[in-house]
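These are my notebook entries on a single protein model. I record below what I looked up, item by item.

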Amino acid sequence: MKKDSELLNDLNESQREAVLYNEGPSLVIAGAGSGKTRVLTYKVAWLIQQGLPPESILSLTFTNKAAREMRERIASMVGWFVARRIFMGTFHSVFGRFLRTHAALIGFTPDFTIYDTTDSKSLMKSIIKDAGLDEKQYKTTTVLNRISSAKNHLIAARVYVNDENIMRADREQQMPMLGELYMRYADRCKMSNAMDFDDMLLFTNILFRDHPDVLQQYQDFFQYILVDEYQDTNFAQYLIIKKLAENHHRLCVVGDDAQSIYSFRGANIDNILGFQKQYPECRLFKLEQNYRSTQTIVNAANSLIGKNHGQIRKHVFSENEKGEKIEVKGVYSDMEEGFSVANDIRSLHRKDSYEDIAILYRTNAQSRVIEDAMRKSAIPYRIYGGLSFYQRREIKDAICYLRLVLNTNDEEALKRVINVPTRGIGETTLRKLLDSAHLHGVSVWEVLHDPISFNLNVHSGTSRRLAEFASIIESHRQHLTDRDAYTLAKEIIQSSGLLREAREDESAEGKSREENLEELLNAIHDFSDSRYEETGETVLLKDFMAEVSLQTDQDQKEDDAQTEKVTLMTVHAAKGLEFKHVFIVGMEEELFPSNLSRTEREIEEERRLFYVALTRAKQTCHISHARSRFRNGQTNLCTPSRFLSDIDLTYLDIEDSNLFRDPSGGAETYEDEWLRERQTFGGAVFRREHPEVLGSHISTSEKKDLRHLKKIPTTSAPERRTEAPNGMRIGSVVEHANFGKGIVEDLTTLGNDWRATVRFEHVGVKNLLLKFAKLTILKP
DNA sequence: TCTTCATAGTTTTTT
DNA sequence: ACTATGAAGA
């Protein structure tokens, strides 16, 4: 264990002050890259050194990953044995544990299911249908968002329908039935012994409100509370913290109002802005020195965020080297953007590892083009977000089997797997089951389990199949406590027929499904192993299931770490991370800021999001925007993002679009890419309809050099030639640095550019632009 | 009554 | 590209 003095020597003045003040509430405003995690970890280590028992420290983070990393860092200071005891995790994982402990007090059993967004959607959809409402008028996502927002404000269903103002507002929104839907949703969740993410926070509050003894138990237990990313907390979370810290006020919240990017999820920036009012005796610490990025990046980010209003005043600065300007590049299309990034990554890779590089985008949908370019350029990458492992169909199916065995009332799980793999229980039968259950006010399982009592009207064959299904599930239930998680899960998945079905499917897809199922079992095995080491007790299925629903893609274990990879993720997912080199792609209006963000408040949040993106970069930052982008099934014209003009021009290096640059020194299908772009973008029909495509309306903007894009070159057909200016002819033998030797099969010109088609000995035919490809003529 | 095949409509960000 | 519905076959 480090000595006190050593511990403090690693900190700068303001960091040290923040670490040392623990007598009352404190607010630490931590600019990007200012060593926020350092303060948090040192503070915890310090508290422990001062004699506070580790388990009396509650440390709340935003992601599981953040919690894990923090625990590791603390462990390196105070040792694993001690670090393990700290209460550290996300709101959902920590309070999920409490909720299971006290489940009976709030009308659940300890094995309640956590519904993910897919489950919630599916449930709400069926509720809307059952209610006979128009699905156009009541869109599931809209309804769920509204309910989510209510829950975040601790408005339970019964309160909701009794609130005159809310009901009037709903009527004005043409959705008078919202309250009714909320009621039904809550009832169905309860009947299923299930909660969604928002419920977990809501019920924690209900638990604390209705059971002061329980609250007091935790108030006494936790002597110090730390909250990371405080700017992203919502009202429900705010209140939980407030209650827990009520008696002693030993509370430290850390955050950066400039990085508040989750208001769509109910995060309320006022929590952090109002903290000082809430605790007048609070001490404020500002961490303003950025240790992460170059001066250029910090200053550029400052100039950007300065365009927002209502922030806590602070001056983030860097004493690192000045660094390179931020490169802003306009490219022709989303595809070219991918190749342009790939190209730049190649040159960075001469010096730096792929691990030092990240590509950030606003929406997950943008990843595909980028992935494409990476694959074609043979750049290894790792992608976060999008479909996570646990969202894949076969995995979700398998998990639902496990869920059902653990909690037979789980209606969504039952609906999902009752006919997967197909066992002759179709829609009609399911309909009858559901109707009967809802009519009698019982769970679907009860009807399924005892169809005769509920007069379920099905054929004898169907009846037999239902009984068969029920008995499969039932047979595993007796082993919930006497088999370990892995063994039981394996048995369940085997008996489900999912594995058999995947094996019988000879296609590549079937193969991968089989592998994924194996992978799931491996994950359960790994989990059991490490959990067993910690506790020394048999790890049960419920232990695994309690964690798995709170696992997100961010938390996935590092894959084969031996190959270095470029990281691809959304800006949201990148929060808290840093990379030597950052590429921000798709910096266009309608995309970043999103077309869905219209109000000033929303735009400011998008601006903060861009701020987060910029400040991920340690050394260099590369921004690109495309002229045309394929989105929602069509090609759109795009203009550069307004945020680009928010950055002080002195920090930017604006490059013109460099069309038709050979993207990778000869990517395999460059010709195809090129041709496709011609068709969708440069085609005559398109140009006739949109003469302004050539850029006239764009160049009128104030920042000409920023907004101006190179004219789209003429689309004259390639002309065939026999000899290039450098002496290359058809039939010449050439050599390429990457592809080796080859024979020139064709030579063409395109405007001023020369292009050669070369058949290489080993890698086949490539189309190369002579301007860029490094070809040596071996034999003319 | 169930399954399979074809066609149409979709996409912000996430614990 | 990916799901969600609908129609026809079994």
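**Entry: a polar contact and its surroundings**

I found a polar contact of 2.9 Å between the side chains of Ser148 and Asp198; such a contact is a pair of N or O atoms within 3.5 Å, one able to donate a hydrogen and the other to accept it, and residues adjacent in sequence count only if both atoms are side-chain atoms. The model is predicted, so local features need pLDDT of at least 70 and side-chain atom pairs pLDDT 80 or more, while totals for chains, interfaces and linings use all residues. Residues are numbered from 1 along each chain as written, and side-chain values use heavy atoms, without hydrogens and water.

I placed Ser148 in helix H8, residues 140–152; helices are DSSP runs (H or I, at least four residues) numbered from the N terminus. Ser148 is buried at a relative accessible area of 18%, where buried means under 20% (1.4 Å probe, protein chains only).

**Entry: nonpolar cores**

I noted 69 residues in the largest nonpolar core, where Met124, Val227, Leu244 and Leu251 have the most contacts inside it. A core joins buried Ala, Val, Leu, Ile, Met, Phe, Trp, Tyr and Cys residues through side-chain atoms within 4.5 Å. Helix H12 (residues 197–210) gives the most to this core, with 7 residues. A second, separate core has 52 residues, including Phe389 and Ile492.

I then listed the contacts of Leu251 (heavy atoms within 4.5 Å). Leaving out residues up to four places away in sequence, Leu251 touches, among others, Gly24, Pro25, Tyr224, Phe275 and Tyr279.

Definitions and conventions: Chains are lettered from A and ligands numbered from 1 in the order in which they are written. Helices (H or I, at least four residues) and strands (E, at least two) are DSSP runs, numbered from the N terminus. Buried means under 20% relative accessible area, exposed over 50%, partly exposed in between (1.4 Å probe, protein chains only).
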